[in-house]
Each structure stands twice: as structure tokens, then as C-alpha cells.
Amino acid sequence: MTDRRALITGITGQDGLYLSELLLSKGYEVHGLIRGQNNPKEQLVREVVPEVQLHTGDLTDLSSLLRAMRNADPTEVYNLGAVSFVAYSWDNAFVTTDVTGNGVLNVLEAVRLHAGDDPSRIRFYQASSSEMFGKVQDVPQKETTLLWPRSPYGVSKVFGHYMTINYRESYGMHASSGILFNHESPRRGPEFVTRKVSRAVARISLGLQDTISMGNLDARRDWGFAGDYVEAMWRMLQQDEADDYVIATGQTHSIRDLLDAAFGHVGITDWQDRVVQDPRFMRPAEVDLLIGDASKAKEKLGWEPTVGFEELVAMMVEHDLEVERGRA
Ligand code: NAP
Ligand code: G4F
């Protein structure tokens, strides 16, 4: 039995899969929390990372988390589980609060109770988000920037963020929070804008679809590659002291830039006729500009992103071309 055991909530998500691969490559025994009585994504986890041991549980059910803690007996816990789609959080604010907000408190409690006399013996990572900056009060945003969330999701993440800090300060837990800016990959859910665009562009270029319906094209995001970002999570938990870190590329691009890059990759330079503006995809309150300052992570963790915006978009479009050609 290895002495490095990780328990990951959100194992079926984009980051859960990349983090599992990273930790397995480092010799960890990896455990994952999976919810529901017949989760359709279980098969994916079993195919991509068959070594991972799965435990049934839900972030809203403390007893299931305690059982998972007892069975996995982890040395590190990564809380990646969440209702993570911002647009959905307005229509489902209570569920989002329960899972994305109160769920963090449940995991912290499970860690604290399982750890016993020495709460710092189990290291904890919380997946905080640049969405917490919302109506941004600094440009670029850093660890000390005032939080001003603009969505029920953002508010829930702020709760989880401060609970993590509070457990560190109250119980001496080794609890760190990664304030991660948007990170993407071919594994990104199709509801998020990068994957929605990469899929549609692949289909349009293959003649399988004519147009794409979009919301606000002026919002700007700091987009990085998910594979780079899980490395930062791991590095945070290897530090002697727990702390909070911004993880970002320091570059910002609009949704128009994203469309330019994705359509450009398949040789379509004049994409305006292909994009239909649809009010259904506009949000009640928007986060207009995100751009992060990750200099603390660079200095303390030695972390830097390795994949730039154009390369990321190309990677995603290429992946979707392959998928769609297989379907054609
Ligand atoms: P994701 O792909 O949407 O994955 C979310 C995960 O949470 C899924 O495994 C999902 O399981 C699980 N989950 C949802 N409700 C649950 C519940 N009640 N109990 C247990 N698990 C539950 O998200 P991601 O992109 O990998 O992001 C990982 C984390 O980082 C999330 O907390 C997200 O909010 C945060 N974050 C993401 C970004 C980003 O740009 N990707 C940036 C900052 C922060 P099912 O498959 O069963 O639904
Ligand atoms: O891809 P998005 O849905 O991501 P969003 O809202 O920035 O949230 C993601 O990143 C956060 C980190 O900052 C995470 F915490 C969160 O869990 C999630 O992973 O939307 C990006 C932007 C928004 O401004 C949105 O209004 O794209 C704009 N957008 C324009 N048209 C669209 C669309 N977004 C989506 N999903 N679909 C559209 O058609």
C-alpha cells in the first residue's frame, strides 16, 4: 500500500480525469467519489483511468463523505465536485448553493472528523474560481482582489473559499484554495463556450451544421489548458504551508477572438454569417473581463502555463473534427 492516497470529488469531470492521470503517474493510489445510482460517466472513468477506485457518495450527504473518507483513508483530498455551469446556476440557485457552497463545508467536516487529533495530516484542496471576482475590482485580478460575485455559482464559490480559509485558521488544517481562471480541453463539457464553439466549427467545416447560436460575444476570459492547471493543484498540496493561489495565463481574449481562432483553424475567415445571436444565451449579470496575475504561483510553486490560447483552440477543434468525422 502506497503512503500517498488521494480522494477526488468530481472525478467524472474535466479536471477530475486530468488530475487522476497526473496523480497515478506520480504513484498515488487514487480514489474518486461518484454520485447517483447509475452514473452515465462511470464508464468513461473506468475506461480512461481504470486504476481509480470509486466510492459512491454525494457532496450534499455528509455521511456518504465520511464513509468515503473511512474507506479511502486519503492523505490528500481534492474537492473538485460542483454544479459548475454558471448559466445553470440562476435557474437552480438552491441546488447550486447546496452542492457548490454547502458541499465544501461537508467535505471540510468529513476531513476534519476523519483526521482526528491532527487535522493537518490530511491535505485539502478547494476548487475556487475566478468567477468569484465577478464585477472585477482590479485588473489583473490577484489573491488580494476584493471578491464581487455576479451569479449564484460565484456566490457559492465565495462561501466555499472563505470556509476553506476559516478551517485553515480555526483548526490548523492544511487547506488550500486554488483560484483557477477558465481552463479548457477536449474533455470540456459541451455546454461551456469553448467546447460549444470547437464542436460547432468542426461540424460546420464538415458540412454537418450551418450556424451556431451564441450569447454575449464581448465578454473576455483568461483561458488556459486544464492539463496545466491540475499540476498547479498538486503543487499547492506539496507546500509546507497551505495558502491560496491564482492560477491563470495572464492573457485575455473575447468570445469574438475565440470564434476568430476556431473558424480560422478550419480556413473560415468570414464567420459572421455563421453566428446567430440568441438572447437565450445572455446572462442576467455578466462577468465582463477576467485576466489573472499568477505571479505568486510562479514564485512559490514554480508553476507556469505551457499551452497558449491559439494552441488550445487548435487542440480542441482538431479533437472535434476527429470525433465528428467518426460520426459522419
Ligand atoms: P465539471 O467538468 O463540470 O465537473 C464537475 C464534477 O462535479 C462532475 O464530476 C460532477 O459529477 C460533480 N458533481 C456535481 N454535483 C455533485 C454532487 N452533488 N456530488 C458529488 N459530485 C458532484 O467541472 P470541471 O471543469 O472539471 O471543474 C472542476 C472544479 O473546478 C469545479 O468545482 C468547478 O466549479 C471548478 N472550476 C472550474 C474551472 C474551469 O474553468 N473548468 C475554473 C475554476 C473553477 P457528475 O458527472 O455526476 O455530474
Ligand atoms: O464557457 P462559459 O460558460 O464559462 P464561465 O461562465 O466563464 O464559467 C467557467 O469558468 C469559471 C472560471 O471563471 C468556472 F468557475 C466555471 O465553473 C466555468 O468552468 O462562458 C464564458 C463566457 C461568458 O461570458 C458567457 O456569457 O462566454 C459567454 N458566452 C457567450 N455565448 C457563452 C455563450 N457561454 C456559453 N456557455 N454559451 C454560449 O452560447
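**Entry 1: ligand 2**

I began with Arg283, where a polar side-chain atom sits 2.6 Å from an oxygen atom of ligand 2. I keep in mind that this is a predicted model. Next I looked up Arg188 and found an N or O atom of its side chain 2.9 Å from an oxygen atom of ligand 2. Gly215 uses its backbone instead: an N or O atom there lies 2.9 Å from a nitrogen atom of the ligand. How much of ligand 2 does the protein bury? I noted 96% of the 710 Å² that the ligand exposes when taken alone.

Helix H7 (193-205) and strand E8 (212-214) are the elements that give two or more residues to it. I counted 24 residues around ligand 2, with Ser129, Ser130, Tyr153, Arg283 and Glu286 the closest. By class they are 10 nonpolar, 7 polar and 7 charged. Domain 1 (5-183 + 223-247) and domain 2 (190-222 + 253-289 + 309-327) each supply at least three residues.

**Entry 2: ligand 1**

I moved on to ligand 1, which has 26 residues around it; Thr12, Arg35, Asn39, Ser84 and Tyr153 come nearest. Which backbones did I find by its oxygen atoms? Leu80 has a backbone N or O atom 2.9 Å from an oxygen atom of ligand 1, and Ala82 has one at 3.0 Å from an oxygen atom of the ligand. The protein covers 90% of the 890 Å² accessible area that ligand 1 has on its own.

Helix H1 (14-25), strand E5 (123-129) and helix H6 (152-171) each give two or more residues to this shell. E5 gives the largest share, 3 residues.

How values were computed: Residues are numbered from 1 along each chain as its sequence is written. Chains are lettered from A and ligands numbered from 1 in the order in which they are written. This is a predicted model: local features need pLDDT of at least 70, side-chain atom pairs count only at pLDDT 80 or more; totals for chains, interfaces and linings use all residues. Side-chain values use heavy atoms; hydrogens and water are left out. A residue is near a molecule or strand if one of its heavy atoms lies within 4 Å of it. A polar contact is a pair of N or O atoms within 3.5 Å; within protein, one must be able to donate a hydrogen and the other to accept it, and residues adjacent in sequence count only if both atoms are side-chain atoms. Accessible areas come from the Shrake-Rupley method with a 1.4 Å probe; for residues, only the protein chains shown count as cover. Helices (H or I, at least four residues) and strands (E, at least two) are DSSP runs, numbered from the N terminus. Ala, Val, Leu, Ile, Met, Phe, Trp, Tyr, Cys and Pro count as nonpolar, Asp, Glu, Lys and Arg as charged, and the others, Gly among them, as polar. Domain bounds come from an automatic or database domain assignment.
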